[in-house]
Amino acid sequence: MAQDDHSGTDVVAADSSHEADVYTRSPGTAVVAQDAFDNPGFEPHRPRVTDEDPKREKRAQRTVYSLFYLSILGSVWAIAAYMLFPIESNDVGMVRLNNMFIGLGATLALLGIGFGAIHWGKSLMTSAESVDIRHPIGGAEPTKAGAVHVMREADEESGFSRRTVIRNSLIGALLVFPLPAVVLFRGFAPQDQLPVELLSHTMWAKGTRLTLDPSGVPIKAADVTIGSAFHVIPEGLAELEHGRLEEKAKAAVLLMRLEPSELNQAPDRESWSYDGIVAYSKICTHVGCPVALYEQHTHHLLCPCHQSQFDVANHCEVIFGPAKRPLPQLPIAVDEEGYLVAQSDFTEPVGPSFWERS
Ligand code: FES
């Protein structure tokens, strides 16, 4: 069997033995196995209604371009939504509206293109089988030699190898070039405070009440039944004018109640809980996702991002996954009205371990 190798020469099977029936040699060194079965190909072309009825064809055409126009509308709406619902005031309601409407627009845009393209392909494009023979990937020898010649010539003309001082200074310039971006990104952080300092403290302070997220209703110790888990924010967070999201990202807490006998508390932390009620940072110490899944029977907290697991009964130590340190514990107590309050801020930075090391 002879094949065209696209270099002007015919490639012939290596020999006429049985092996030669099964394998052919490529123009390179690879031995290419033939299919064990004949390629059945596509079924014979069956005319579709759009092939036979011009009216149906027109209708399909209208459907396809309507879907594409719908996609355009979706894209325009996504841009409009970005301007109509700006995230400027740290207003959680506006964030939701912004995300929802941009998402709707983008969804419409993608679905419009997707459905339009599928409908176009299925109802209007030709469905007859056509074969495009795969070409060898490597170029012919003269082509490769030509490419090497061009590279050498370019090197010679530019003096890239010869003029080492210029070449090395160019490499230096390219290496330093990304540094302004680092400075610009630093500018995103508040200018009057060190970022590490900012991340080391949260809104929690002595006497701050623990309140439900997102309603801000204070929590009484008597309301926390054994086995329950609450998502908690500090009192006053909901009323913040500025920086509410940033503060929430640092101060979010999970509150759980276990049988006091099941709690294995470090001696220096025995006073940090109240009658089996413990509070831990909700921010995963791996890369900062919210640890939001609590398994009541095992007392395990699971971070859904990379499956780190923390054992609430044992100081929230890491029992599985990539997190490297326990979730920080918030010392809590009960005030004279029976509400849960913080004894102080966290005693260590919350979130990824990187900040702890700084
Ligand atoms: S962020 Fe929690 S496991 Fe990665």
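# Contacts, core and helices of a predicted chain

User: What share of the contacts with a separation of 6 or more comes from residues 24 or more positions apart?

Analyst: Residues 24 or more positions apart account for 54% of the contacts in the chain with a separation of 6 or more. Two residues are in contact here if their C-beta atoms, placed from the backbone, lie within 7 Å. The structure is a predicted model, in which local features need pLDDT of at least 70 and side-chain atom pairs count only at pLDDT 80 or more, while totals for chains, interfaces and linings use all residues. Residues are numbered from 1 along each chain as its sequence is written.

User: How many helices and strands are there?

Analyst: The secondary structure comes to 10 helices and 15 strands. These are DSSP runs numbered from the N terminus, with helices (H or I) of at least four residues and strands (E) of at least two.

User: And what percentage of the chain is buried?

Analyst: Of the 358 residues, 18% are buried. A residue is buried if 20 or more other C-beta atoms lie within 10 Å of its own, exposed if 12 or fewer, and partly exposed in between, with C-beta atoms placed from the backbone.

User: Which residues have the most contacts inside the largest nonpolar core?

Analyst: They are L210, V232, V253, L255 and A279, in a core of 36 residues. Such a core is a set of buried Ala, Val, Leu, Ile, Met, Phe, Trp, Tyr and Cys residues joined through C-beta atoms within 7 Å. At least two core residues come from each of β6 (229-234), β7 (253-257), β8 (277-281) and β15 (340-342).

User: What does A279 touch?

Analyst: Not counting residues up to four places away in sequence, A279 touches L210, V232, V253, L255, Q329, L330 and I332.

User: Moving along β7, is L254 buried or exposed?

Analyst: L254, in strand β7, counts as buried because it has 26 C-beta neighbours inside 10 Å. Beyond residues up to four places away in sequence, L254 touches A229, H231, V232, Y280, K282, V291, Y294 and L301. Although L254 and L301 are 47 residues apart along the chain, their C-alpha atoms are separated by 9.6 Å.

User: Switching to the annotation, where are the transmembrane regions?

Analyst: According to the unreviewed UniProt entry, "transmembrane region" covers residues 64-85, 97-118 and 170-189. UniProt positions are given in the numbering used here, feature names are shortened, and annotations may be inferred rather than shown by experiment. In the model, residues 64-85 are 95% helix and 0% strand, with end C-alpha atoms 31 Å apart. Residues 170-189 are 75% helix and 0% strand, and their end C-alpha atoms lie 32 Å apart.

User: How do α3 and α4 cross?

Analyst: The axes of α3 (residues 54-84) and α4 (residues 92-123) come within 7 Å and cross at roughly 160 degrees. Axes are lines fitted to C-alpha atoms, for helices over the stretch in contact, and angles run from 0 to 180 degrees between N-to-C directions. The crossing angle therefore makes α3 roughly antiparallel to α4; the cut-offs are under 35 degrees for roughly parallel, over 145 for roughly antiparallel, 65 to 115 for roughly perpendicular, and oblique for the rest. The crossing is left-handed, meaning that the near helix is turned anticlockwise from the far one by less than a right angle, whereas clockwise would be right-handed.

User: What about M83, buried or exposed?

Analyst: M83 lies in helix α3 and counts as exposed because it has 7 C-beta neighbours inside 10 Å. M83 and I102 are 19 residues apart in sequence and 9.9 Å apart in space, C-alpha to C-alpha.

User: Now the backbone: which residues does a cis peptide bond join?

Analyst: The cis bond joins D213 and P214, with omega about 10 degrees. P214 is in the loop between β5 (210-212) and β6. Most residues other than glycine have a negative phi, and most peptide bonds are trans.

User: What is the phi of H299, and of H315?

Analyst: H299 has a positive phi of about 65 degrees although it is not a glycine, and phi of H315 is near 55 degrees. H299 lies in the loop between β9 (293-295) and β10 (300-302) and is buried, with 21 C-beta neighbours inside 10 Å. H315 lies in the loop between β11 (309-311) and β12 (317-320) and is partly exposed, with 18 other C-beta atoms within 10 Å.
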